[in-house]
Amino acid sequence: MSTAVAHHGYLPIATASISRASILEFDLYLRRAGSTHTELYRSASYPLKSEDVERLKEDGVDRLYIKCEYADAYKHYMCTQVLSDPEAPATARVEALREATRAAFQEALGASDHDQMVAVAMDFGGQMAQVVANEAMPFRELFTTLEHDYYTFTHVCNVSVYSVMLAGRLGIVDAKEISQIAAGGLLHDIGKRHIPLSILNKAGKLTDEEWEIIREHPVSGFRELVEREDLSWSQLMMVYQHHEKMDGTGYPTGIYGAEIHPWARLCGVADVFDALTCQRPYRKPMPRAEVCEHLEKHAGAWFDAEMVTCWTSHVRSAR
Amino acid sequence: MSDTLQVDNEEVSLAETDALVESDAEFFAKTGPLPLHWNDERRFPRFYYRSRMKAVIYPSKDQPERQPTACEVLLRDLSRGGISLLHTQQLYPNQRLDVTLADGVTRAVKVVWCRRMTERCYAVGAEFFKEGSKGTAADGAGGGVTSAS
């Protein structure tokens, strides 16, 4: 779904994620601008210095590639370097977690079944719960850290992080619930796997037919996951009901108010907040203040008013 | 014709539930094939088949302790692949129902979609399926309501 999907056996990783690198367990590859060819940049045995990373950043190379079979090694590297570092701040840990998950997520996207995707989400959820348990996540720094390009992984990752933050503000502190909300956020758009890329990435206005296809994703995602024993009903509702609106004008069912599961309402606020603050092919990202105004304008009618108040006050307090 | 439906062992008035978006007469008068929709990708043609229908609704995943509930629903149309019905409660995708059609045979269906029409009225699309089979009943030879297509 993303433009940064596995490319002929290679997985994209953020250049910034290896800034703490010394000797890696995997080779790094590079794709020059305008080229479809992937070339070896640095072999595993050759130490990577921080100035190398800086030079890549200066050259605008924000993505390097690793071979797909080293996805686990990359994740292990991220976890040992950053996630297990007690000195690392919450923002760095979330960033590391995101990068560690990205490669596995991209790989899971290509899989025919959803087992891999659910495993990635649950792993992510568990780690997010640990990050949150250790310290509060400062919104402003996190917002700066998160990417805002609206590629699929970026979006679901952001929605997951925002959902956890909002849940915390709403008083949900149980680690198991936080873990489930984080995993549910990562899975909430799983039904979009079935939507053609030509529609998902379309720059122009969607036709009625294309909207019909887009609107099917909560149902297809729910049907894909509902028979699983390892997902809770609340998580499934995040997948199924995150486009429902409080006044009953949402989809897929058109239920309203308290009929919509609280976690789905929470996910709906996070989903719209991220969608509007992200760069889209057809518009620039909306400033946070304007997005807050948008949420408040539709609070009560589209979104849960209490959740909107909670979220916008949190966002504004981080200015 | 009775103007009540049996839901959860309770008699619910059709008028009270607002279950019929059309009037009773209009609802039950419709017969013949359904007009094709601009984005219709259905495998089998659909036919109006307006009648009351006995159904057993199995609990959704969030209520595993509940027992299957016998009730009446309103059948709207059917095809070889599935049926569309009206019910007074929301049903979830993949939720199972056993429905007894006019031929007296009980068939298992699985909810595909559910859309709220009015207060206490939900339109539901469901596909026939065979127990123990991942595919729909219509995928197998002679499955579903073949005589209708």
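**View 1. V73(B) is a buried residue, with 26 other C-beta atoms within 10 Å.** Buried here requires 20 or more other C-beta atoms within 10 Å of a residue's own; 12 or fewer is exposed, and partly exposed lies in between, with C-beta atoms placed from the backbone. This is a predicted model: local features need pLDDT of at least 70, side-chain atom pairs count only at pLDDT 80 or more, and totals for chains, interfaces and linings use all residues. Residues are numbered from 1 along each chain as its sequence is written, while chains are lettered from A and ligands numbered from 1 in the order in which they are written. V73(B) sits in strand β4 (residues 69–78) of chain B. Helices (H or I, at least four residues) and strands (E, at least two) are DSSP runs, numbered from the N terminus. Neighbours within four places in sequence aside, V73(B) contacts M53(B), A55(B), L85(B), L86(B) and H87(B). Contact means C-beta atoms, placed from the backbone, within 7 Å. S51(B) is 22 residues away from V73(B) along the chain, and their C-alpha atoms are 8.6 Å apart.

View 2. The order from the N terminus is β-β-α-α-β-β-β-β-β-β. Chain B has 149 residues, of which 30% are buried. Among its contacts with a separation of 6 or more, 48% join residues 24 or more positions apart.

**View 3. Chain A meets chain B through 13 residues of chain A and 10 residues of chain B.** On the chain A side, α9 (208–214) and α10 (217–225) are the elements that give two or more residues. The largest share, three residues, belongs to α10(A). This side has six nonpolar, three polar and four charged residues. Nonpolar covers Ala, Val, Leu, Ile, Met, Phe, Trp, Tyr, Cys and Pro; charged covers Asp, Glu, Lys and Arg; the others, Gly among them, are polar.

**View 4. Helices α12 (residues 262–277) and α14 (residues 305–317) of chain A cross at roughly 45 degrees, their axes coming within 10 Å.** Axes are lines fitted to C-alpha atoms, for helices over the stretch in contact, with angles from 0 to 180 degrees between N-to-C directions. α12(A) is therefore oblique to α14(A). Under 35 degrees is roughly parallel, over 145 roughly antiparallel, 65 to 115 roughly perpendicular, and the rest oblique. From α12(A), the contact uses R265(A), L266(A), V269(A) and F273(A); from α14(A), M307(A), V308(A) and W311(A). By class, that makes six nonpolar, no polar and one charged residues.

Note on methods. Two residues are in contact if their C-beta atoms, placed from the backbone, lie within 7 Å.
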